[in-house]
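The following exercises are to be worked with the sequence and the model at hand. Each task is followed by a solution in steps.

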Amino acid sequence: MTYKTFGKTGYKVSAVGFGGMRFKAEEYRDGPEKCAELVLYAKELGINYFDTAPGYCDDMSEIIMGTAFRQMKGGFFVSTKCGLWNAKTADETRARIEKSLKRLHVDAIDFYNMWSIKNMEEYRAYMKKGGIFDGILKAKEEGLIRHVCASTHASGPDIEEIVNDGIIDGVTLGLNAINFAFRRQGVKAAHAAGVGVVVMNPLGGGVIPRHAGRFSFLRKSPDESVAKAALEFLIGQPEITVTLPGISSRGELEENVAAADSAAAVSEAEMDALAGRLREDLDSLCTCCAYCDECPAGIKVPQFMDSYNEKILTGEIKPVKSRLINHWSLAASAAKDCTACGQCEKLCTQKLPIIKRMSEIAAL
Ligand code: SF4
Ligand code: SF4
């Protein structure tokens, strides 16, 4: 396993971390033990950075991690989060932190994130007097939190503004071979500010392996899988500290660790060359994060936008209908129920024009 230094903290963290958002329901339904074995196996393979959050996997992720941490004899780092929807005040944040500590079976949380900041307005909501940031700061003074961090889906310039505020030691952001060119400004600014950079969604919500042909230019040899090449591409960037794939099996773990071992340093010139091969419309792909899944009209927005990716990748609208039917068992006609209320666009981490795409799908 390759280890990197986490910003100014000096911690040596594994180049590949464990994303705790993809445990399988059939494996945790009867208790956390089976999934905890996977976490323990990750530690055995050299992974020492574990990311979780309240709510992940039917709110079982922290419990699964904690079940594994009880059996580890130190030597690991844990990251968890608090969102604007988890707490409004510093006191509520404190209660949230105590709950996480108890579930994780640790005395202190290494990296505590203000969760999913989508723009500067939300950042300011975290920072308001007596709010979440104040609660985290107080817990830090008491030794319950080691480092204040942020997870974000904001644009490159907004990320730059946040890291230059000087209050966070680590930032977690969605980055992959699809969108790296458009988020480089934020990554570079974080690295320059001595902030550890953790990358989530490294395979673009599965879009990269599903369209392997489109991304085959990432491979260094024809027998390498595009998924492994996409991970190597991130691990090899000196500005990126931890790459965080969601893990649900031992096979995935082994493949991720192999990518960490084989990743070669990626130079600026190589990144410029790769950026030149990405069409700008790739940044308008849905990354299947599901933050928009609250449509009052009952439309499965993430599934519809995932299907719309087919148009961006193939240039044709017909495959959108096929993916809706064959993969999601959904009828395109449901898009006609869209009232253009705008709620999903407000929540979308990629700032996608969902209403316009819904009307295109409805026309099918
Ligand atoms: S704009 Fe349409 S798809 Fe989006 S939340 Fe409103 S009704 Fe649902
Ligand atoms: S439409 Fe936006 S918020 Fe919804 S799943 Fe896709 S990227 Fe995420």
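**Exercise 1.** Is glutamate 62 buried or exposed, and how many other C-beta atoms lie within 10 Å?

*Solution.* The model is predicted, so that local features need pLDDT of at least 70 and side-chain atom pairs count only at pLDDT 80 or more, whereas totals for chains, interfaces and linings use all residues. Residues are numbered from 1 along each chain as its sequence is written, and chains are lettered from A and ligands numbered from 1 in the order in which they are written.

Step 1. Apply the criterion: a residue is buried if 20 or more other C-beta atoms, placed from the backbone, lie within 10 Å of its own, exposed if 12 or fewer, and partly exposed in between.

Step 2. Glutamate 62 has 27 other C-beta atoms within 10 Å and is therefore buried.

Step 3. Locate the residue: glutamate 62 belongs to helix H4 (residues 61-69). Helices (H or I, at least four residues) and strands (E, at least two) are DSSP runs, numbered from the N terminus.

Step 4. List the contacts (C-beta atoms, placed from the backbone, within 7 Å). Neighbours within four places in sequence aside, glutamate 62 touches Thr52, Pro54, Thr80, Ser100, Arg103 and Leu104.

**Exercise 2.** Describe the division of the chain into domains and the contact between them.

*Solution.* Step 1. Domain 1 covers 3-277 and domain 2 covers 286-362; these bounds come from an automatic or database domain assignment.

Step 2. The contact involves 10 residues of domain 1 and six residues of domain 2.

Step 3. On the side of domain 1 that touches domain 2, one residue is nonpolar, seven are polar and two are charged. Here Ala, Val, Leu, Ile, Met, Phe, Trp, Tyr, Cys and Pro count as nonpolar, Asp, Glu, Lys and Arg as charged, and the others, Gly among them, as polar.

Step 4. Taken over C-alpha atoms, the domain centres are 27 Å apart.

**Exercise 3.** Characterise the shell around ligand 1.

*Solution.* Step 1. A residue is near the ligand if its C-beta atom, placed from the backbone, lies within 6 Å of it. The shell holds 15 residues, of which the closest are Cys295, Ala297, Cys338, Cys341 and Cys344.

Step 2. Helix H16 (343-347) and helix H17 (354-362) are the elements that give two or more residues to this shell. H17 gives the most, with three residues.

Step 3. By class, the shell has 12 nonpolar residues, three polar and no charged.

Note on methods:
Contact = placed C-beta atoms within 7 Å.
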